[in-house]
Amino acid sequence: MAKRRERRADRHSHSDSSQTPTADKPSPSTSKPDRNRLTTTATVLFLIVVPAISVIVYRILYTPSPITPDLPYVYRQGLVTAKIDYHQVLHENMRTSENSSRRNFENPVLAYITPWNSQGYEMAKKFSNKFTHLSPVWYELKSQGTKLVLEGRHNADKGWIQEIRKTGNSQILPRVVLEAIPVDLLKKKKKREKAINLIVAECKEMEYDGIVLESWSRWAAYGILHDPDMRNTALQFIVQLGQAMHSASLDHNRRQSLQLVYVISPPRSNELEEYDFGPEDLRSLSDDVDGFSLMTYDFSGPQNPGPNAPLKWIYSTMQLLLDASTGVHQKLAKKIFIGINFYGNDFVVSGGLGGGPIIGREYLSLLEQHRPQLQWEKNSEEHFFLYIDNQDVKHVVFYPSPMSIATRLQEALSWDAGISIWEIGQGLEYFFDIL
Ligand SMILES: *[C@@H]1O[C@H](CO)[C@@H](O)[C@H](O)[C@H]1NC(C)=O
């Protein structure tokens, strides 16, 4: 911003000085020295005063001054930047704009919440306007003997739902994992219908707005997706569920039908395998599924320490899934919630491998303990730091920052896609200021 402002100001003064000759017109009533003085005055006027005024006017009109109350706090404080230090993170991570219900990212935001991390429930309440969809991780559809059961009602927190409904407009779509043995569930028409009925009935009874369904990774693990017939049945099951949810009759005071969001993983490489969820699958489900929660995280692991979700990888995943060369991708992109991690990783990088996910307060405690130098990794567009523990083992820590999140929101906007956050209890409070 500052750079552009300077260039603008330069151009003003250049064009103004080129106009000075017009003030140099000969005037019969003035003697030569007077004319010289006049010319000097005019030149001063044009060279300095006019540009100065135009710069001031320009600034007032076009530049958000650093104290504009409309800018989110993290931007006002200059925290959305590659150059950050541990001290600043420790000092600022709890601070946000006064108005916590103001949205700064205009596309849909789906936020996951886990019952084992109660911080997520609090964040959902505090920033409820910033989320269009909230997905508490509550349900599992299981096989019990020969029967199917939907487990998880005990997790559902009715008081919390009420508070969310009072303060914001977020839809509540609990996550349901299909734990049931896939062959049992998919092979028999009756079982599929039973599963669908269980889900629709729970939504109606608990007054949910729909569900987020996760099943693909389980189907992949059970080998279901290697058999073309079974793969087809599996996709068909999702279509049927979507149709049943969309046609379920709801209470008169509900604005829309039940929503189905489906969880998908990024293909593992450009060469799609049977178990990958690919562009064909996306297209075949898109009429009956309202959104796709794309798990663009965990690019690295203890075996290959590195960034959690390189931006280029997010881009190429979108490109691949949307088959971006075809014209229809824009309509599909709108249905995708690009995954953003609010957790990080602490990996061992010397003397063996190991380590794993860390959440906000663990990150802060590492910063306090080691006072590391935070670095911006350009390739992945993520921050990281190195430290050596008391057993002399070297670690690398990747954890999100306002900058890494901001660049990912930009990426989502460029596709006109939404975002999904795993999960809001694991982040730092100032992350929410950007949303
Ligand atoms: C906070 O922001 C929202 C949305 O922009 C606005 O409607 C509301 O009036 C603001 N509240 C205050 C106290 O400024």
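Analyst: The largest nonpolar core in this predicted model takes in 99 residues. If you want places to start clicking, go for A111, A124, I211, Y262 and I338, which have the most contacts inside that core. As general background, nonpolar side chains in soluble globular proteins tend to be buried together. For scale, the chain runs to 435 residues, and 37% of them are buried.

Take I211 from that list. Leaving out residues up to four places away in sequence, I211 touches L173, P174, V176, I199, C203 and L260.

Now go to A124, another of the core residues with the most contacts. A124 also belongs to a helix pairing: together with Y121 and K125 in helix 5, A124 is part of the set that meets W160, E163, I164 and T167 in helix 6. By type, the residues of this contact split into four nonpolar, one polar and two charged. Helix 5 covers residues 119–126 and helix 6 covers residues 158–167; their axes are 9 Å apart and the packing angle is about 20°. Since anything under 35 degrees counts as roughly parallel, that angle makes helix 5 roughly parallel to helix 6.

Helix 12 (residues 311–322) packs with helix 15 (residues 402–415) at about 20°, with 11 Å between the axes. That angle makes helix 12 roughly parallel to helix 15 as well, and the crossing is right-handed. On the helix 12 side, look for L311, I314, Y315 and M318; they meet T407, R408, E411 and W415 in helix 15. Here the contact residues come out as five nonpolar, one polar and two charged. These two pairings draw on a chain with 15 helices and 15 strands.

H87 counts as exposed because it has 11 C-beta neighbours inside 10 Å, and the cut-off for exposed is 12 or fewer. H87 also makes a handy example of how the fold brings sequence positions together: Q373 is 286 residues away from H87 in sequence, yet their C-alpha atoms are 9.8 Å apart in space.

Definitions and conventions:
Residues are numbered from 1 along each chain as its sequence is written. This is a predicted model: local features need pLDDT of at least 70, side-chain atom pairs count only at pLDDT 80 or more; totals for chains, interfaces and linings use all residues. Axes are lines fitted to C-alpha atoms, for helices over the stretch in contact, and angles run from 0 to 180 degrees between N-to-C directions. Helices (H or I, at least four residues) and strands (E, at least two) are DSSP runs, numbered from the N terminus. Angles under 35 degrees count as roughly parallel, over 145 as roughly antiparallel, 65 to 115 as roughly perpendicular and the rest as oblique. Two residues are in contact if their C-beta atoms, placed from the backbone, lie within 7 Å. Ala, Val, Leu, Ile, Met, Phe, Trp, Tyr, Cys and Pro count as nonpolar, Asp, Glu, Lys and Arg as charged, and the others, Gly among them, as polar. A nonpolar core is a set of buried Ala, Val, Leu, Ile, Met, Phe, Trp, Tyr and Cys residues joined through C-beta atoms within 7 Å. A residue is buried if 20 or more other C-beta atoms lie within 10 Å of its own, exposed if 12 or fewer, and partly exposed in between; C-beta atoms are placed from the backbone. A crossing is left-handed if the near helix is turned anticlockwise from the far one by less than a right angle, and right-handed if clockwise.
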